[in-house]
Amino acid sequence: MSLSVRAARPGDGEALHAMMMALAASHGHADEVTAVAADFESALFGPQSISGALLAELDGAPAGSALWHRSFSSFRGREVMFLEDLSVLPAFRRRGVGQALLRALAVQAVDRGYPSIFWNMMDWNAGARALYQHAGAEIDDATCSCRLHGAALERLAR
């Protein structure tokens with residue numbers, strides 16, 4: 001078994017889109033996806049990009065990905081890394097892919113001088129919780145994730 005993690009590069013949009021679609025489907029949100037592979041290409045590799053991605057490959061096949069973006073922590077007064085999605089395709093789970101992605105993400109955060117990585121987790125996802133706890137993450141069960149979008153966003157903006 002040969003597991004490798006690398007920074008995404010131009011041309012990886014299709015693989016990243018496939019990972020995101022698998023994640024959306026596993027969370028019951030596939031019908032909400034509007035992104036296409038070209039969106040990943042322009043967002044990740046455009047001149048003003050604030051995001052990045054890692055791609056894990058197991059024996060040469062895309063197995064997982066981590067998509068992140070820069071954010072700002074008012075408590076720290078510094079930029080931090082926000083992990084938008086960590087996804088491992090079902091056929092590759094429990095084979096070290098998620099741990100390898102987290103480790104590579106931590107290396108990028110340290111290399112960029114980010115003091116921390118933040119992310120949200122579905123409370124029902126016991127596998128993700130175990131992975132994150134094993135990595136040493138602090139999990140705050142009291143934090144709620146909020147989103148304002150669609151018609152509600154438009155109404156509020158008026």
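Visitor: Leaving aside its neighbours within four places in sequence, which residues is leucine 86 in contact with?

Guide: The model is a predicted one. Here, leucine 86 is in contact with Leu23, Ser65, Ala66, Gly98, Leu101, Leu102, Leu131 and Tyr132, once neighbours within four places in sequence are set aside.

Visitor: Which residues touch the most other members of the largest nonpolar core?

Guide: In soluble globular proteins, nonpolar side chains tend to be buried together. In this chain, the largest nonpolar core has 19 residues, and Leu86, Val97 and Leu101 touch the most other members. Two or more residues of this core come from each of β2 (51-58), β3 (61-73), β4 (78-88), α3 (97-112) and α4. Helix α3 gives the most, with 5 residues. There is also a second, separate core of 10 residues, with Leu16, Met19, Met20 and Phe40 among them.

Visitor: How many helices and strands does the chain have?

Guide: The chain has 5 helices and 5 strands. Along the sequence they follow the pattern β-α-α-β-β-β-α-β-α-α. The radius of gyration is 16 Å, close to the 15 Å that the globule rule gives for 158 residues, so the chain is as compact as a globular protein of that length. Along the principal axes, the C-alpha atoms fill a box of roughly 55 × 35 × 35 Å.

Visitor: What share of the contacts with a separation of 6 or more comes from residues 24 or more positions apart?

Guide: Such residues account for 58% of those contacts. As to burial, 30% of the 158 residues count as buried. The chain exposes about 9,800 Å², of which carbon and sulfur atoms supply 54%.

Visitor: Let us turn to charged side chains. How many salt bridges does the count come to?

Guide: The general idea is that side chains of opposite charge can pair when their charged atoms come close. In this model the count comes to 5 salt bridges. One of them joins the side chains of arginine 6 and aspartate 12, at 2.7 Å from N to O. Arg6 and Asp12 are linked with Glu57 in a network of salt bridges.

Visitor: Are arginine 6 and aspartate 12 buried or exposed?

Guide: Both arginine 6 and aspartate 12 are buried. For another pair, consider arginine 70 and glutamate 79, whose closest N and O atoms are 3.2 Å apart in a salt bridge. Arginine 70 is partly exposed, with a relative accessible area of 33%, and glutamate 79 is partly exposed with a value of 33%.

Visitor: Which residue forms a salt bridge with aspartate 141?

Guide: Aspartate 141 forms a salt bridge with arginine 129, the closest N and O atoms being 2.8 Å apart. Aspartate 141 lies in the loop between α4 and α5, and arginine 129 in helix α4, so the pair ties together parts that are 12 residues apart in sequence. Aspartate 141 counts as exposed, at 60% relative accessibility, whereas arginine 129 counts as partly exposed, at 21%.

Visitor: Where is arginine 94 found?

Guide: Arginine 94 is found in the loop between β4 and α3. Its phi is positive, at about 65°, although arginine 94 is not a glycine. At 84% relative accessibility, arginine 94 counts as exposed.

Definitions and conventions. Residues are numbered from 1 along each chain as its sequence is written. This is a predicted model: local features need pLDDT of at least 70, side-chain atom pairs count only at pLDDT 80 or more; totals for chains, interfaces and linings use all residues. Side-chain values use heavy atoms; hydrogens and water are left out. Helices (H or I, at least four residues) and strands (E, at least two) are DSSP runs, numbered from the N terminus. The radius of gyration is taken over C-alpha atoms; the globule rule is 2.2 Å times the number of residues to the power 0.38. Buried means under 20% relative accessible area, exposed over 50%, partly exposed in between (1.4 Å probe, protein chains only). Contact means heavy atoms within 4.5 Å. Accessible areas come from the Shrake-Rupley method with a 1.4 Å probe; for residues, only the protein chains shown count as cover. A nonpolar core is a set of buried Ala, Val, Leu, Ile, Met, Phe, Trp, Tyr and Cys residues joined through side-chain atoms within 4.5 Å. A salt bridge is a side-chain nitrogen of Lys or Arg within 4 Å of a carboxyl oxygen of Asp or Glu.
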